Amino acid sequence: MFKSILVPIDLADTDLAKPAIATATTLSQNWSGSVRLLNVLPMTPVMLAEYVPADFDEQQRQTSEEALAIVARESGIEPGRISSVVRQGGIYHEILEEAAHMKADLIVMTSHRPAMRTYFLGSNAGHVVRYAKCSVLVVRH
């Protein structure tokens, strides 16, 4: 049923992603599917561009790719069934773009318990749930 699963991960808080990874691992094993881990890097603000090294974005991408490789190894998913990608831009927009690009059947993501501010402002998980063209499973942390 779920052959292609996308798991967005915030590398600044990998503990938050563990329940989503565990869920995706179980689902991928049950359905012989594949899992793609995604990290979204923010765009470097133009006003900060002159204060960071010229290769800052590339350094960030490389660091993220290395961290995702570690998360993938620790997930317990067979290496041939897990991949990772780093994108840059707005978080929920890039999650939706990657899901469309890989033709994901399911997005599994973790979300904090809602706070009062998220009821009014919305959250990345909320945007993904509203606009994804595939199923979305939000695992509460």
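1. In this predicted model, the side chains of S28 and R81 are joined by a polar contact of 3.3 Å. S28 itself is part of helix α1.

2. Is S28 buried or exposed? Its relative accessible area is 0%, so S28 is buried, the cut-off for that class being under 20%.

3. Leaving aside residues up to four places away in sequence, the contacts of S28 are with I5, G33, V35, I77 and R81.

4. Helix α2 comprises 19 residues, 56-74, and its length can be checked against its geometry.

5. Within α2, the buried residues are S64, L68, V71 and A72. Because these residues cover an arc of only 95° around the axis, they lie on the same side of α2.

6. What covers the buried residues of α2? The covering elements include α1 (14-31), β2 (34-41) and β3 (82-88). Helix α1, one of these elements, is also the helix in which S28 lies.

7. On the face of α2 turned away from its buried side are the exposed residues R73 and E74. Just after α2, G76 adopts a positive phi of about 85°.

Notes: Residues are numbered from 1 along each chain as its sequence is written. This is a predicted model: local features need pLDDT of at least 70, side-chain atom pairs count only at pLDDT 80 or more; totals for chains, interfaces and linings use all residues. Side-chain values use heavy atoms; hydrogens and water are left out. Helices (H or I, at least four residues) and strands (E, at least two) are DSSP runs, numbered from the N terminus. The expected span of a helix is 1.5 Å times one less than its number of residues. Buried means under 20% relative accessible area, exposed over 50%, partly exposed in between (1.4 Å probe, protein chains only). The arc is that of the directions from the helix axis to the C-beta atoms. Contact means heavy atoms within 4.5 Å. A polar contact is a pair of N or O atoms within 3.5 Å; within protein, one must be able to donate a hydrogen and the other to accept it, and residues adjacent in sequence count only if both atoms are side-chain atoms.
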